[in-house]
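I opened this notebook to record what I looked up, in the order in which I looked. Each entry keeps to what could be computed from the model.

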Amino acid sequence: MPDMETQTLINIGFACAGIFGGWWMKIIWDSIQSLRADVKGLDTKMHDDFVRRDDFKDAVKDIKDDMKEGFKSVNQTLGLLFKKLDGKEDK
């Protein structure tokens with residue numbers, strides 16, 4: 001059986017290991033909490049900066065419809081020009 005001095009050294013060693021382990025776990029816990037806060041901030045920022053897929057599809061559909069209308073008038077104008085050019089003969 002170990003004497004009291006050896007037992008005291010063992011107890012001090014375990015106490016130091018416990019203190020170091022607790023300190024290490026506290027550092028890891030704080031790091032995890034900081035990462036959670038960062039991810040939450042990015043999630044909030046992502047919703048502000050990026051467009052949802054459904055909203056993007058709706059916007060693109062609206063733009064395509066507007067472009068079709070715009071090109072219809074361009075086609076009509078070009079059609080009239082070509083008719084006038086076809087009506088004229090080279091002189």
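Before placing any residue, I noted that helices (H or I, at least four residues) and strands (E, at least two) are DSSP runs, numbered from the N terminus. With that settled, I found phenylalanine 82 in helix 2.

I also wrote down that this is a predicted model, in which local features need pLDDT of at least 70 and side-chain atom pairs count only at pLDDT 80 or more, while totals for chains, interfaces and linings use all residues. Residues are numbered from 1 along each chain as its sequence is written, and side-chain values use heavy atoms, with hydrogens and water left out.

**Overall form.** I counted 2 helices and 0 strands in the protein. The radius of gyration (taken over C-alpha atoms) is 38 Å, well over the 12 Å that the globule rule (2.2 Å times the number of residues to the power 0.38) gives for 91 residues, so the protein is more spread out than a compact globule. Along the principal axes, the C-alpha atoms fill a box of roughly 125 × 25 × 15 Å. As a check on distance within the model, I took arginine 36 and valine 74, which are 38 residues apart in sequence and 54 Å apart in space, C-alpha to C-alpha.

**Surface.** I looked up how much of the protein is covered, where buried means under 20% relative accessible area, exposed over 50%, and partly exposed in between (1.4 Å probe, protein chains only). Of the 91 residues, 0% count as buried. The accessible surface, from the Shrake-Rupley method with a 1.4 Å probe and, for residues, only the protein chains shown counting as cover, comes to about 9100 Å², of which 65% belongs to carbon and sulfur atoms. Arginine 36, which lies in helix 1, is exposed, with a relative accessible area of 52%.

**Salt bridges.** Side chains of opposite charge can pair when their charged atoms come close. I searched the whole structure for salt bridges (a side-chain nitrogen of Lys or Arg within 4 Å of a carboxyl oxygen of Asp or Glu) and found 3.

- In helix 1 (residues 4–49), aspartate 30 and lysine 26 lie 4 residues apart, about one turn of the helix, and their closest N and O atoms are 3.0 Å apart. Aspartate 30 is partly exposed at 37% relative accessibility, and lysine 26 is partly exposed at 47%.
- Aspartate 65 pairs with lysine 61 at 3.4 Å between the closest N and O atoms; the two are 4 residues apart in helix 2, and therefore separated by about one helical turn. Aspartate 65 is partly exposed, at 33%.
- Lysine 72 pairs with glutamate 69, with 3.6 Å between the closest N and O atoms, and these two are 3 residues apart in helix 2. Lysine 72 is partly exposed, at 48%.

**Patches.** I then looked for patches, made of residues with over 30% relative accessible area and no salt bridge, joining like charges within 9 Å and nonpolar side chains (Val, Leu, Ile, Met, Phe, Trp, Tyr) within 5 Å. Asp55, Asp58, Asp62 and Asp66 form a negative surface patch. Of these, I placed aspartate 66 in helix 2 (residues 53–87) and found it exposed, with a relative accessible area of 56%. A nonpolar patch on the surface is formed by Ile63, Met67, Phe71, Val74, Leu78, Leu81, Phe82 and Leu85, which together have about 780 Å² of accessible area.

**Charges.** Lys and Arg count as positive and Asp and Glu as negative, with His and the chain ends not counted, and each charge is placed at NZ of Lys, CZ of Arg, CG of Asp or CD of Glu. On that basis, the mean positions of the 15 positive and 17 negative charges are 11 Å apart.
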